[in-house]
Structures are given as C-alpha cells and as structure tokens.
Amino acid sequence: MTRQSDAVKWFTEARFGMFVHWGLYSIPAGVWRDEVVGGNMYSEWIQMKANAPHGVPAEEYRALAREFDPVRFDAEAWIREARRAGMKYFLITAKHHDGFALWPSKVSWFNVADATPFGRDILGELRRACRAHGVTLGFYYSHWQDWEHPGGARPKGPDDAPAFRQPSDEAFERYWEEKCLPQVRELMEAYEPAFFWFDNWRKDELLTPDRLDRLIGLIRATDARCLINSRIGTTWNHPDGDAAVDYRSMGDNSFPKERIAEPWETSGTMNRSWGYHRLDHGWKPTGQLLRHLVDNASRGGNYQLNVGPTADGHIPIPSIRRLREIGVWMDVNGEAIYGTEAGSVPEPEWGRVTEKRGPDGSRTLYLHVYDWQPGRPLELTGLPGRALSCDVLETGEAVEIQQDGETVAIALPDTCPDDRIAVLRLDVGS
Ligand code: FHN
C-alpha cells in the first residue's frame, strides 16, 4: 500500500462499517417472472442471470426505473441503524453493474432523478444523515462492469449470447471517458466521499494500467485524502499492484486466517445475496457475524457488513435484528474492537486477541473468548511483559491470573457474561 499514513488511520481505527446494495434490482428481488435467481443468489445480478443465456432484455430491465418509488426510504433511519450497530462508516452502491445511478447524474439519463418517479437525491440525503450522526461516507462504484453503457464490461458467459459480448477496447475507452470518469468526478465534487470501493475480481485487458492511473489520478487530484480499495483492479491489472492504492479488499465473505500488516477489509453478507432477495432465507446467526468481526480485528482488518434494503426503502427485519444484537455487544465490548491492533501473541485455540499499546510500552490485551469453560483456566503464551491485572470487560469482575515466564493462566469465573463472545481485559506492563 502506498499510504500507511494518517489518511488511512480513521479507516483502520473504525474496524466496522455498513455496506448497502440498493438499486433497481431490489424491485424484482431475486425473482424474474417466476424464475428465481439461484446459485449464489446474488439478486443484483438478475439482469444477467434470469432468462439464460440472454439475460433480461435491456429495455425491460431499464423499465424498472419507472417503478422505483421507495416511499419508505429514510436516510436518517438507515444511518441511525448503522450507528446503533456500532458501525463507524457507511458504504453504498452509488452505481452497481446495471449502470443505474442513485444520484441526479448529469452524465447519464439512467439515474434516480431523470428515470424514476421518486426523483430524490438519495446520496445527498444519506450524506446529510451521515454528517449529522458522525458516520463516514463512502461509495461503491462499478467502474468495470456497466451493463447499461454499450462500452461497459460484461460478465463471462456463453459466447453466442449478445448480453455477454465484451466491448471492444475503443468502446470501453468511450465508456471510461464518457461515463466512468465523469461520474466519479461528479461523486467527488458533489458528495466528498471519504473513500471509494471499486469492484473488479480478475485480470481483464480492458482495465489497463493507464486507465487505472487516470481513475486513481482523478481521485487523488480532487481529494488526496480519499481512500481507494484494491478491487479497483490493481491486484491483477497494474504493475505496482496494490501499492497503488490505500487498502486491500478481500473476496466476498473471505476471511483471511493470518495477520496482514497493510490496511484491509472483508465485505460480507448476512444471508447470501447482497441486494434484497425475497427468497434468500439463509440468514447467518449473529454469533457468526460477530466472530467475523472479531476474527478480522484480531488479524488487523475491518469488516463491512452488508444489508440489502427492499424496493420500498426499508431494511429487512432479519437484518435489523442482527444489527441490533451486534449493537448491544458493541456497546459493551466496543473498547476491544475500535482502535485496536492485531494481537501480537500467538493466536490461542479458545478465541482471539486484539490489543492496544500505551506510549510507555505497556499493553492492554483483549481476550475474546469463543470457548468459555468455567473451571478450566485459559492459557495465553508469548506474553510481552508482566501481567498486571485482568477483568471481565462487561462486568468489571476481577479475574485471577498466574504468570509463569511468557505464559499466563487465567481462571475463568463460573458465569459467562456472553455466550456468543465474552471479552476479558488483560493489562500487561512494559
Ligand atoms: O458482482 C459483485 C456483487 O454483485 C457484489 O457487489 C460484490 C460485493 O463484494 N462484488 C461483486 C462480486 O465480487
């Protein structure tokens, strides 16, 4: 990464953010004329997945814009929900692969103001709410795939299906200059996002280093503090690799098993689809989502948890339930997540460790206990100094410790404060 600087500091300290996939695809919500989007269930892909191998005819898909009227949309309510869950930043699909813009773009008619009865500036309302609640705003922008512009990249598919035919290099260049760069400029100038989340997941000759440099250069020139993620395509398509950007994005729901020193994040779903899918009932339990958050924090990374609002603009109840359950845990244990670093001790079998370092070399280790067995002491090895004291973060109850060299044994109280993840705080002297 180029900038381990203070530009990226807010991001690594935040650790937890909300990702939102919302657009025209939220109307069919995974079902096109009785045909259910199966496989990975990504409802935002309905345009390409339904009616195989042709996909939904372009005019039919675009006609969805005339139905887009999310009367229940309330930017304040969404951002309050994110805050309540303990999320410090908010990321939304300004434009997904279908090419539809959630702001009144002057660059393309295919946007919320010109093509829908709703007509409101969704991004503008969200920006105001984010500012009011101290939540940092960022945008997902599909820079590579664009299924509306004739020059946008298409997914891999059957060779004989026109919907999957790749644009020529010239056509892609037109798309880049006519739509991608001007829209990113619009977003930068009108909404001043703190970061972009671009989306490319393989090598593609259309994403030349020169094109990537033009896009990166535009952002840097407009606001040098605006962060850029690696899925802009630097991993596979740029000679400097991810050193050209600010933070690494892992694959969808991919959680690394080891510590990573550079800033990074995993974006993950609560069920399977990113956009709202009315038949996707595969909701993950809150405990699993919390483990992803803690696993990532303990390995130096962030977690961006997705919600897919419905076409009328509300966040589905199963998502709200999980957000609120996470919020209660964060209220109690946020200290063990925000502003922490990856644990420097060997990762224990019974859970995970995050830590904070004091200026005098002392440390506070947060022990996230996944497997709490009263009467069986926890063992932590590789301790960097003398263990001074330990308590249960939720209750403040003191916990007995016994140190032998670099190993400390911690006697667990009989009552586990939280059967999802209980957290102990261990102070270690320099
Ligand atoms: O194709 C997209 C998908 O719809 C979704 O936006 C995810 C989010 O990480 N990104 C792509 C697949 O990796």
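## Exercises on a ligand site, a cavity and a loop

The ligand sits in the second largest pocket, where sitting in a pocket requires more than half of the molecule's atoms to lie within 2 Å of its grid points. This is a predicted model, in which local features need pLDDT of at least 70 and side-chain atom pairs count only at pLDDT 80 or more, while totals for chains, interfaces and linings use all residues. Residues are numbered from 1 along each chain as its sequence is written, and side-chain values use heavy atoms, with hydrogens and water left out.

**Exercise 1.** Describe the second largest pocket by its volume and its lining.

*Solution.* Begin with the term: on a 1 Å grid over the protein atoms alone, a pocket is an open set of points with protein on both sides within 12 Å along at least five of seven lines, a cavity is a set where a 1.4 Å probe fits but cannot get out, and lining residues have an atom within 4 Å of a point. The volume, taken as the space filled by probe spheres set on the points, is about 180 Å³ for the second largest pocket. Next, its lining comprises 17 residues, with Tyr42, Trp45, Asp199, Asp252 and Trp274 nearest the centre. Finally, seven of the lining residues are nonpolar, five polar and five charged.

**Exercise 2.** How many cavities of 30 Å³ or more does the whole structure hold?

*Solution.* The search finds one. The largest cavity holds about 80 Å³ of space, and of its 13 lining residues Asn271, Ser273, Trp274, Trp283 and Gly308 are closest to the centre. By class, the lining has six nonpolar, seven polar and no charged residues.

**Exercise 3.** Locate the backbone features at Asn51 and Pro53.

*Solution.* Asn51 is not a glycine, yet has a positive phi of about 55°, and the peptide bond from Ala52 to Pro53 is cis, with omega near 0°. Pro53 lies in the loop between helix H2 (46-49) and helix H3 (58-62), and Asn51 is likewise placed in the loop between H2 and H3; such helices are DSSP runs (H or I, at least four residues), numbered from the N terminus.

Technical notes: Nonpolar A, V, L, I, M, F, W, Y, C, P; charged D, E, K, R; others polar. Helix = DSSP H or I, 4+ residues; strand = E, 2+ residues; numbered from the N terminus.
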